[in-house]
Amino acid sequence: MGMSVTISAATEQDAEQIFRLQYLCFQSEAALYGNYRIAPLVQSLDSVREEVSTDLVFVARLGDEIVGSVHGRSTEDAAAAIGKLCVHPRLQGHGIGARLLRAAESALADERGARMFRLQAGHRSESNLQLYSKVGYQRVGTSRGADGVPMIVLEKTTDSYAATA
């Protein structure tokens, strides 16, 4: 490729590329469930812009192109919710998702005081569940997404973050 992928905090100018990338990346998730109303596919550009301005959003860049992103925000229970992790299909399997997760975890712990990280994955999303397990997340329960998709809830403490970072 000739260029390396860099991870950085997203800026307002990145919102449109993040919006388009999410739409591309979450098509395969939607197909797994036969449900094209999952949150990342119906989210508005204005909503992505708002997330970039209020949450901790990180992007992976290959030159000027955003090829991955992840969102993180604080929750009331001193945990941090991490979501919408996506990597361009042509670059999946090269560790970019794990690097994005580490960036989000580090910022959420250092800047927002998170003591635990929580995320969710669709129950059929085996590659996502494998990645989360590999970087230290453990299954702690189930839930149902607003779109009706059964989800697996996973958590990781900041202690285990330090051990895997």
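The structure is a predicted model, in which local features need pLDDT of at least 70 and side-chain atom pairs count only at pLDDT 80 or more, while totals for chains, interfaces and linings use all residues. Residues are numbered from 1 along each chain as its sequence is written, and side-chain values use heavy atoms, with hydrogens and water left out.

The protein contains seven helices and seven strands. Helices (H or I, at least four residues) and strands (E, at least two) are DSSP runs, numbered from the N terminus. Along the sequence their order is β-α-α-α-α-β-β-β-α-β-α-β-β-α.

The radius of gyration, taken over C-alpha atoms, is compared with a globule rule of 2.2 Å times the number of residues to the power 0.38. For 165 residues, a compact globule would have a value near 15 Å, and the protein agrees, with 15 Å. Along the principal axes, the C-alpha atoms fill a box of roughly 35 × 35 × 30 Å. The accessible surface is about 8,700 Å², by the Shrake-Rupley method with a 1.4 Å probe, where for residues only the protein chains shown count as cover. Carbon and sulfur atoms hold 48% of that surface.

Of the 165 residues, 45% are buried. Buried means under 20% relative accessible area, exposed over 50%, and partly exposed in between (1.4 Å probe, protein chains only). A contact means heavy atoms within 4.5 Å. Among contacts with a separation of 6 or more, 63% join residues 24 or more positions apart.

Charges were also located. Lys and Arg count as positive, Asp and Glu as negative; His and the chain ends are not counted. Each charge is placed at NZ of Lys, CZ of Arg, CG of Asp or CD of Glu. The mean positions of the 17 positive and 19 negative charges lie 5 Å apart.

An α-helix has 3.6 residues a turn, so residues three or four places apart point the same way. In α1, the buried residues are Ala15, Ile18, Leu21, Gln22 and Cys25. They lie on the same side of α1 because they cover an arc of only 125 degrees around the axis. The arc is that of the directions from the helix axis to the C-beta atoms. The cover over these buried residues includes α2, α3, α4, β2, β3 and β4.

Helix α4 spans residues 45–54, and Val48, Glu51 and Val52 are buried there. Their arc around the axis is only 100 degrees, so they share the same side of α4. Their cover includes α1 (15–25), β2 (56–62), β3 (65–74) and β4 (79–87). The face turned away from the buried side carries exposed Asp46, Glu50 and Ser53.

Tyr36 sits in the loop between α2 (27–33) and α3 (39–42). Tyr36 counts as partly exposed because its relative accessibility is 46%. Leaving out residues up to four places away in sequence, Tyr36 touches Gln27, Ala30, Ala31, Leu41 and Val42. Tyr36 and Glu50 are 14 residues apart in sequence, and their C-alpha atoms are 23 Å apart in space.

Lys84 belongs to strand β4. Its phi is near 55 degrees, a positive value in a residue other than glycine.

Thr158 is part of helix α7, residues 158–164. Its relative accessible area is 19%, so Thr158 is buried. With residues up to four places away in sequence not counted, Thr158 touches Ala109, Ala114, Arg115, Met116 and Phe117.
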